[in-house]
Amino acid sequence: MSADALIVGVADGRYRAEHVNVAQRYRSKSTYDADFLKNGVQQHRRSSGDARGIGLAANEIFHKIQSERMMRRNSSRVDLPEGLSQNGNGAAVLRDEALPSEASAKPVVNKVGDEEQSGGTRDWRKNRSAVEDRIVSLRRILTWISCCSVFFSCLQHEMILRDVNPRSLAVNTLKVLCLILAVISVAILYRIFFLKELFMRIQLHLRSLHHLDLHVAPLSILREPKFLVQGTIFLVHVPPFVTLAFPVQFGQNLILYQIESVGALWSTARVFLLWSCLRDFVLRSLPKRHTVSNFTEIDLGSAFAIKTIMHGYYAVFFIAVVWIISVLLAAYWFRAVELTACQFAFTTDPRCLQDNARIWWNEQGEYEKVNDLYMQNAMWAMFTTSTTVGYGDVLATTSLGRLVSIFMSIIGLAMVAMLTASLMQRLQFTNKEQTALLMFDKLNALHLLERHAAELVQVWYRIRRDRKMNTRKREGARRVHLQQIKDDFKKKKKVARQEMEDCFSDQAKIDQIHDRLKALCSSLEERMQKSSPHDTLKRQGSLNGSVVSSGSRMSGDPRPPPPPPPPAELSMLPSLAPRDWRRSPVKVDEQVTRSSRLALLFASLGTLFALLQNEMIFAEEDPHDNKINALKFANLCCSVLCVVCLHRIYSYEILLQRIIAHIQRGIDLHILIPVSSVFSIPKFWIESAVCLLHLPPFVTFEVASMMMGNIVAYRAETVLCSFNILRVYLAWRVFRQNHLTHLPNRHTIELFTRVKFNSVFVLKLMLNSWNAVFYLLLCGFLFVLLVGYLYRNAEISSCLLRTTTHPMCLLPEAKQWTIAGSEFDKTNDFFILNACWFIWTSVLPGAGGGSICSTHFSRFLAAMAALYGILTSSITAATLANLFNYSTEESTALGIISREKSRERVKAIAADILILWWKRSTGRQLTHRQKNLSTSSLRQALREEKMLVNVELEDVASSSSKVQQISKRLKFIEGFLERAGEDQEGGKENSSSS
């Protein structure tokens, strides 16, 4: 384009159109360059099997594109009139001061589908972000409408269960509302698919510059199978003024289903929209996800969203929510398919008069069919099925009920597998935590080095003394002991001599190597520029091309500077005032540990007094007896002292935070902690409520309630005793504090590595050692004992005690109970081992307890036991998977062993080749194995084994050892270059001075 044409274009008022054409042409060139780069890298990937040459190939392509741009830029330089200039790409643009006065906003030329920056009104259908926002908004609206429709359908079903006639006005009104919401849902669904098709066209236009067609044919959407399936789910419902019942034969039994019940079950399938909203929430939190998806050629869909959730902090919470929703849905389905319409008051179907509609038959014999309307029984059955425990108190009597149970058991197994995978990842140490552990090992080695040296000298002296006294047996035993001490001393010495940089994790070392390589390449580039400035462009690609990452090319932001080198040695935190223990973090930690132990002691004594009260009540002692009141008073004193110790713990923790802040940021240290400062911590009030809640002296009462048609009563002493058992959590506080106290220089390493040494870190420490098996067995024993005692309290009704005074205990429902259609006489089981056996069988999947949980509290405890069993099995699997991994030294040993095995195989193959050649040349008979051998295959195997044999010892080391060796060699190269630079500068100074 010439300058005269531009001048004529400006004079004719067509400068804006020309400006747009020039910008679009250069944008198409840049798009071609990007596609050329991407195709070149992909072609190099297909042609070369070595992934290390991709950086060099990309660098060559980048420089080729840069040279072509420079040639175009130089060839497109023209003399422009005043008011016009050229941009970096050589395109003609209009200066800001040359714009006409009537232009209120500067037009910005963008590719269709990009974000609008400023000025100009454009069609939202050409904006990718606007289309996606509308899709997400419509999905949320559709989810809310579907939830309302499901609520109305389930409300119809519940009204029919309460003997409301399905032809009544209320039920038909709900059906009309469901019809209206179904039509609206299908319309919104059609709009969503229309926008999704438009979004895909915009994506294709942005990726390949295809023509953007905004017209979407309705038939193209109606023919999509996904739209037809989802439209069927939304549109199928029970029409108004339509009701019927249809029979289903299960073996010899006849069951009648109402059409409203089937419609309610069908409507619950719309719950899949919840996942669509969650997926949109997860994916929209990822910045520039469409650009990243196009660059990496990865589909960021549902599978990627699930992986993102499972790798996050809320994986366990997500699994729990999915599990709860599955149990609720399956329980609703199970109850619906187990109810027969023959027992509804409005049913007039003559088939309900048949014998097989009232008297059913199963493997155990005949029984009378009774509808169980309690939702909690169905939830209990589905929960026990999902945990694979299966108590057998609520069973499926129909084929559809068994099908729902099978579905729930599969969901339970999938949830257990997901929980195991999530815990396996969460129990692994992060890079910072690995660095902290390596630093702890170094400091422990420094502390133990002197002790091992002293033991070495002592054993050596005793050996010399035994040699003089001619005691050969003692001398030999002590020599063995001396060799063990020598080995331990060498190991500790090797660990203690490591530098702090060598204590970093592998990933941190790789990051340091990357940063140092970049700095090394830049320093070499500067030296090359000083030595020969003419070859700068050629050498620049070979230096920088191999270290430029794809992330830096995409974002354009430079990599953050490397962190400052750590200190040579980590010393103890300085004692600000040795005479005052409140200024030393170590002393404050000791006070926290002492207060935690005292709090556990008082809480244990208070719980013991509560247990004695409860046992006296079960022995039918008078609740107003002086012995029981004395125990209540002792529990009161212990509870108050426990809360006082908790207050001291929180005060010391505040003081410790102030000391750390003073050391880290130089904030003034105030060692006086007001009493009211602890009251602003919510966690303190929660722990105080757990430790302080108890039954005061001279106070007693009885609580009774109706559960599933049965009356159960509890004494206040029993309820408060069960609550006091929760104080056992204080044992974890003491256990955690003891573990953290044994970590040397914990606060210094915490400041350096930014790792929080809290309960999660201690839990990882416990579960990443072979002691984890002992910890899990101990926790299982304590859990069974405590939960078994709570289960016994939940199953004992005070209505069967002679000391009861509650009026509800006089009713027949207090002694004659009915559970899931089975009637029995309620009796109290005071034997604690029976309760512990039931909890133990609940912890083990598939065992079952052989007992019936007759109250809601006992079912809750049994559910907790089943969940604990699942959690323990998942943690055990994750722990053993981590423990069975080879360590760094073991991996190195395996590499050396494999090399030695290759040497033996080389000898065997060479012998086979020689024997085969000798027998064939002399005409001797070959064995059956030698007949199947081929000389060419033996030679090929010999070459492969020789390659493994010729590997050096450093090459068979583990990846961690190789990373450490690379780091050391890189530091050696840096030191050599620094010395060479200093020598060169010293030579220049000497020459200038001479």
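Trainee: Is Trp685 buried, partly exposed or exposed?
Mentor: Trp685 counts as partly exposed because its relative accessibility is 48%, where buried means under 20% relative accessible area, exposed over 50% and partly exposed in between, with a 1.4 Å probe and protein chains only. Bear in mind that this is a predicted model, in which local features need pLDDT of at least 70 and side-chain atom pairs count only at pLDDT 80 or more, while totals for chains, interfaces and linings use all residues. Residues are numbered from 1 along each chain as its sequence is written, and side-chain values use heavy atoms, with hydrogens and water left out.

Trainee: How many aromatic pairs are there in the whole structure?
Mentor: The search finds 20 aromatic pairs, a pair being rings of Phe, Tyr and Trp (its six-membered ring) with centres within 6.5 Å, called stacked if the planes are under 30 degrees apart, edge-to-face if over 60 and tilted for the rest. One of them joins Phe684 and Trp685 edge-to-face, at 5.8 Å centre to centre and with 70 degrees between the planes. Phe684 is buried, because its relative accessible area is 3%.

Trainee: Which residues do ring pairs link into a cluster there?
Mentor: The cluster consists of Tyr650, Phe679, Phe684 and Trp685.

Trainee: And what about Tyr714 and Phe857, how are their rings arranged?
Mentor: Tyr714 and Phe857 are also an edge-to-face pair, with 5.9 Å centre to centre and 70 degrees between the planes. That pair links distant parts of the chain, since Tyr714 is in strand E8 (residues 710-715) and Phe857 is in helix H30 (residues 856-883), 143 residues apart; helices (H or I, at least four residues) and strands (E, at least two) are DSSP runs numbered from the N terminus. Tyr714 is buried at 9% relative accessible area, whereas Phe857 is partly exposed at 45%.

Trainee: Switching topic, where does Gln230 sit, and what does Gln230 touch?
Mentor: Gln230 is in helix H7 (residues 225-235) and counts as buried because its relative accessibility is 13%. Leaving aside residues up to four places away in sequence, Gln230 touches Leu189, Phe193 and Phe272, where contact means heavy atoms within 4.5 Å.

Trainee: Last one, where is Cys148, and how far is Cys148 from Leu177?
Mentor: Cys148 is in helix H4 (residues 128-161), and its C-alpha atom is separated by 9.3 Å from that of Leu177, 29 residues apart along the chain. At 37% relative accessibility, Cys148 counts as partly exposed.
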